[in-house]
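Please read it alongside the sequence and the structure shown here.

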Amino acid sequence: MSNALPEDSVGIVTCKTISFDEPLRLACGRVLKQYELMIETYGTLNAAKDNAILICHALSGDHHAAGKYHPDDKKPGWWDHYIGPGKPMDTNKFFIVSINNLGGCHGSTGPASINPENNEPWGADFPNLRVRDWVNTQVRVSDYLEIEQWAAVVGGSLGGMQAMRWSLEYPERLRHCIVIASAMKLTAQNIAFNETARRAIIADPKFCDGNYLAHQTIPKDGLSVARMIGHITYLSGGGMGEKFGRDLRSGSFKQGIEEPVEFQIESYLRYKGESFSKTFDANTYILMTRALDYFDLAREYDHDPARAFSHALCKFLVISFTSDWRFAPERSQEIVNAMIKADQDVVYAEIESDYGHDAFLVPNQTRYIDLFSAYMNKIEVRS
Amino acid sequence: MRIDHAIIENWVKPNTRVLDLGCGDGTLLKNLQQSKAVHGYGLEINSENILRCVANGVNIVEQNIDEGLSNFDDQSFDTVIMSQTIQTMQHPDKTLLEMLRVGKECIVTFPNFGHWRARFSIGIWGQMPVSEHLPFEWFSTPNIHFCTFRDFDVLCKALHLNVLNREVVCRRSVSQLLQYWHPNLFGETALYRLVKA
């Protein structure tokens, strides 16, 4: 197989670290004196600096949204199918910025980083973060890049929450807000899944109350189970059935023979969990899921979503997927209803899909691509 | 511009909030935005149409009107429009009442089944009419609740709706004269502007 990157790829990319020294007051009241953020960009910022798109990542995402670091990389960035020349987020038109969120574990300051105050890993002492903290740090990245106003802030799931928060807190700084498979707040069931995942991590003896790095260990088993739980909820029952059914990976049910049986889905989930636990930090997982749980778009607006959205100045695109039961279409409809009540401009589509919550990442979904592209094509930028 | 659209544009007041149910490709909304500076939203379920609405730069929400408008507050729009769609609704009567709950007034247009050619087709040929205007066979038509002007007048009365304006249009010049004499026989499209009595 050739290693050549496809023509519609952004190609070989590099990431870079930006250091911030101006203290950052967090929603929890604590102050981060300094921090680093890892970013990646695709395309070219135009002279008018009005063609920039900010990508906000979801729970397990990072700054590496498109392209490859090396031709031999097994996989491109996590949103590669939607970022590149001729793709919905077209790098021939837009300059795209992707940031690993504060608290992340892929280069930005997070629980696995060294706390400069004591030269130990932050571990459990890393401050709790809210979505608004991420937005505030993203604003600093915008200032650093001298981007006064984003053409669009785009996010799926937890990323959509950041995009919406942008529209309320920094209304002059974006023209379009694209919210995919997201919600204004999680349901009880959703929080329940997150808590079960967190418990799996915390119950791992190697978790050491979050200070596992100081003990030179990693709660791999707990994080792996947490990811398995999450993964189940990101797929649809139908999609999972279609892909795996009751197929066996090994063993058989032949009578008279006692042999261990493994279903394909078991092996798949275990593989997913294990590979995730090797690349992701357990404290970051806890931090990110808590940020998801805590998010409530209208909390500071008398719990009135329409009042919240009345602060926005941008136009909105909202997309949901029919088989997404973690961030169901009803959640997106609630967003849209509030926007209409607030007299905001909005396009809403419910994409027929069998891929569950993960659908927003999955390639070759014609209607999703067409709609996303049509909307992005209408965004005006100077040359 | 389509004659029916021109009439609707006349009826819609400038700088108002408009909801267009079954807005198609968004042409009407786009025109209303340009000529009357309305702030409009379209509801549509056809994915091709939704895509065209995006290209036309209008607000578009994917929503099945047959499932109701309960997500919209009472009197939250100045005008609710339903153009050439009421005959496809499961419950046209309930839809009309919902439109006037959500909107201060509503505009409804529909193909007149009392038009002479429809009558000719059924009366003489004994077949459901298929024409350029109504291009569907009976088994595949989305139009499940046909009515005539007279039928619609009766429904408006039964629902206690006041007709502010009523117009009929047709494309042929001969009929354009005749429709004044006998709208239920020569009008192809009916346009009503309604409020609650």
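A residue is called buried when its relative accessible area is under 20%, exposed when that area is over 50%, and partly exposed in between. The structure is a predicted model, and every value below is computed from it. By that cut-off Thr217(A), with a relative accessible area of 19%, is buried.

**Interface of chain A and chain B**

- Contact between the two chains involves 19 residues of chain A and 19 residues of chain B, and the area buried between them is about 1600 Å², with carbon and sulfur atoms giving 54% of it.
- Across this interface there are 3 salt bridges, and 15 residue pairs, both members at pLDDT 80 or more, are in polar contact.
- On the side of chain A that touches chain B, the elements giving two or more residues are helix 9 (329–341), strand 14 (346–351) and helix 10 (366–378) of chain A; helix 10 of chain A gives the most, with 6 residues.
- Sorted by class, that side of chain A has 10 nonpolar, 2 polar and 7 charged residues.
- A salt bridge joins the side chains of Arg367(A) and Glu62(B), with an N to O distance of 2.7 Å.
- Strand pairing also crosses between the chains, since strand 14 of chain A and strand 3 (residues 59–62) of chain B pair in the parallel sense over 2 bridges, and within this pairing Tyr348(A) has Val61(B) as its bridge partner in strand 3 of chain B.

**Strand 1 of chain B**

- Strand 1 (residues 17–21) of chain B is largely enclosed by the rest of the structure, because 5 of its 5 residues are buried.
- In a regular strand the side chains alternate between the two faces of the sheet.
- In strand 1 of chain B, Arg17(B), Leu19(B) and Leu21(B) point one way while Val18(B) and Asp20(B) point the other way, and all of these residues are buried.
- Strand 1 of chain B runs parallel to strand 2 (residues 39–44) of chain B, and 5 bridges join the two; in this pairing Asp20(B) stands opposite Gly42(B) of strand 2 of chain B.

**Salt bridges within chain A**

- Over all chains the count of salt bridges comes to 27.
- Asp8(A) and Lys87(A) meet through their side chains in a salt bridge with an N to O distance of 4.0 Å. Asp8(A) lies in the segment before strand 1 (15–20) of chain A and Lys87(A) in the loop between strand 5 (52–56) and strand 6 (95–99) of chain A, so the pair ties together parts that are 79 residues apart in sequence.
- Within that pair, Asp8(A) is partly exposed at 33% relative accessibility, whereas Lys87(A) is buried, with a relative accessible area of 11%.
- Arg30(A) and Asp125(A) form another salt bridge, with their closest N and O atoms 3.6 Å apart. Distant parts of the chain are linked here, for Arg30(A) is in the loop between strand 2 (24–25) and strand 3 (31–32) of chain A and Asp125(A) is in the loop between strand 8 (120–121) and helix 1 (131–144) of chain A, 95 residues apart.
- Arg30(A) is partly exposed at a relative accessible area of 34%, and Asp125(A) is partly exposed at 42%.
- Glu195(A) forms a salt bridge with Arg198(A), the closest N and O atoms lying 3.1 Å apart, and both residues belong to helix 3 of chain A, where they are 3 residues apart, about one turn of the helix.

**Individual residues in loops**

- Thr217(A) is in the loop between helix 3 (188–202) and helix 4 (220–234) of chain A, and, leaving aside residues up to four places away in sequence, Thr217(A) touches Lys206(A), Cys208(A) and Tyr212(A).
- Gln84(B), in the loop between strand 4 (77–83) and helix 4 (92–102) of chain B, has a positive phi of about 55° although it is not a glycine, and at 23% relative accessibility Gln84(B) is partly exposed.
- His160(B), in the loop between helix 6 (149–158) and strand 6 (161–169) of chain B, is not a glycine but has a positive phi of about 60°, and His160(B) is exposed, with a relative accessible area of 59%.

Key:
Residues numbered from 1 in each chain as written. Chains lettered and ligands numbered in written order. Predicted model: local features only at pLDDT ≥ 70, side-chain atom pairs only at ≥ 80, totals over all residues. Heavy atoms only, no water. Contact = heavy atoms within 4.5 Å. Buried area = accessible area lost by both parts, 1.4 Å probe. Polar contact = N/O pair within 3.5 Å; in protein donor to acceptor, adjacent residues only side chain to side chain. Helix = DSSP H or I, 4+ residues; strand = E, 2+ residues; numbered from the N terminus. Nonpolar A, V, L, I, M, F, W, Y, C, P; charged D, E, K, R; others polar. Buried < 20%, exposed > 50% of the residue type's maximum accessible area, 1.4 Å probe, protein only.
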